[in-house]
Amino acid sequence: MGKIGNQQMLREINKSLLLHLIYQHGPVSRIELSRQTKLSPSTVSILVEEALREGIIYETGTSGSGVGRRVTLLNIKADSGYVLGLDLAGAQCVLLNMRGEIKSSHTIPRLIGETAIRQELVGIVDDFLDSCPISRDQLRRIGVSVPGRVDETSQKVLRAIPLQLEEMNLGGFLEMTYQVPVSLFNDLDAAGFAERFNGVAQGLSTLVYILIDYGVGAGIVINDKIYRGSSGGAGRIRVFSPYCTERLALRLRQEHPEVFSDQGLTSKEVLHKFMEDGMRTEGPLHKELGALVDHLSAYCGAILQFINPEQLILNGWITENQAFFDRLTAKIREHEANIFERPTPIKPASWKELGAAVGAATLGLHHIFKMKMVD
């Protein structure tokens, strides 16, 4: 590479560094950017002016008081672009602006199989984008979460059993359609990231995120790094499979037809009724709910003893009835009693059903503002 090429690469690296810091710490001044990056004030000024002309950042006001010189603060311009987040397992889509704020969200049909996704997903996304107050050329990136293993380099879904997908080049399919970069993520990793970035786990570096909903599994973060295991299989909790929404609702209907005779109930409504009736001291579901709590709590307690995270986050139908959640939490704490100096905080996910979609979009946003490195 020639001298001009090297200079251009260095310029792009320095600019990405500045944008990364503004994204992470804005509003921030040029002086502070120079201090943190060790770049000269003149270099910072030139690159900042370029970003201002491009409309990526804006001057948000001044800081300082008294006789000292006031400094102008910089921040990412929220409406300079948008990121789409898709959760194919939870059937949700969200649109974030460049500051990570949700501008729109919607429940979408759940698509099963590669054929259905190829035939229907684009129409679903188009309808969602048409309902949003943006133009298509403002879409900067798409983040997609799937319930299974993905290759983030090739953007392939390697295997996602709940979606009946295997070796699907989903990223390439969407990139060809929308002409923007696409990133794929495991849904639990995405949902856990959403909680760490601006949810119940902000500032924490070691946590376990457990989902029991239409699918089941765990996302594990140790020292700020997602732990996937030697073959990418960490977090599979097949022992919880009988408690996923559809399977448990079907069994309850079959074994307790006298309670769930109303065929108009959705699977989620069946589980809500199960929790309400099972929390009573009498009734056919009381014993069964107690056994379920014992099983879930014993496994969760073992995870806490083994990993000792800073926090356990639970999500799915098990968090939708406060009395049931409190009972489950108390039982989990019994299993780690006298093990640690203090009990592990156990919290419901703040993002609920939107977690994986928000996480996928936010991770996509981080890709936009990540620091470029020399290959």
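Ala 91 is buried, because its relative accessible area is 4% and buried means under 20%. This is a predicted model. Look for Ala 91 in the loop between strand E4 (82-87) and strand E5 (92-97). Its backbone stands out: Ala 91 is not a glycine, yet its phi is positive, about 55 degrees.

Lys 352 also has a positive phi, near 50 degrees, and is a residue other than glycine. Is Lys 352 buried, exposed or partly exposed? Its relative accessibility is 32%, so Lys 352 counts as partly exposed. Find Lys 352 in the loop between strand E16 (346-348) and helix H11 (355-368).

Now turn to a peptide bond. The one from Gly 26 to Pro 27 is cis, with omega near 0 degrees. Pro 27 sits in the loop between helix H1 (3-25) and strand E1 (28-29).

Next comes Ile 237, in the loop between strand E14 (225-226) and H7. Ile 237 counts as buried because its relative accessibility is 4%. Which residues does Ile 237 touch, leaving out those up to four places away in sequence? They are Ile 210, Val 216, Gly 217, Ala 218 and Tyr 299. Take Ala 218: 19 residues separate it from Ile 237 in sequence, but their C-alpha atoms are 7.0 Å apart in space.

Follow the chain on to helix H7 (residues 245-255). Its axis comes within 9 Å of the axis of helix H8 (residues 267-278), and the two cross at roughly 65 degrees. The crossing is left-handed. On the H7 side, the contact includes Leu 248, Ala 249 and Leu 252; on the H8 side, it includes Val 270, Leu 271 and Phe 274. The residues of this contact divide into six nonpolar, two polar and three charged.

How values were computed:
Residues numbered from 1 in each chain as written. Predicted model: local features only at pLDDT ≥ 70, side-chain atom pairs only at ≥ 80, totals over all residues. Heavy atoms only, no water. Axes fitted to C-alpha atoms, helices over the stretch in contact; angles between N-to-C directions. Helix = DSSP H or I, 4+ residues; strand = E, 2+ residues; numbered from the N terminus. Left-handed = near helix turned anticlockwise from the far one by under 90°. Contact = heavy atoms within 4.5 Å. Nonpolar A, V, L, I, M, F, W, Y, C, P; charged D, E, K, R; others polar. Buried < 20%, exposed > 50% of the residue type's maximum accessible area, 1.4 Å probe, protein only.
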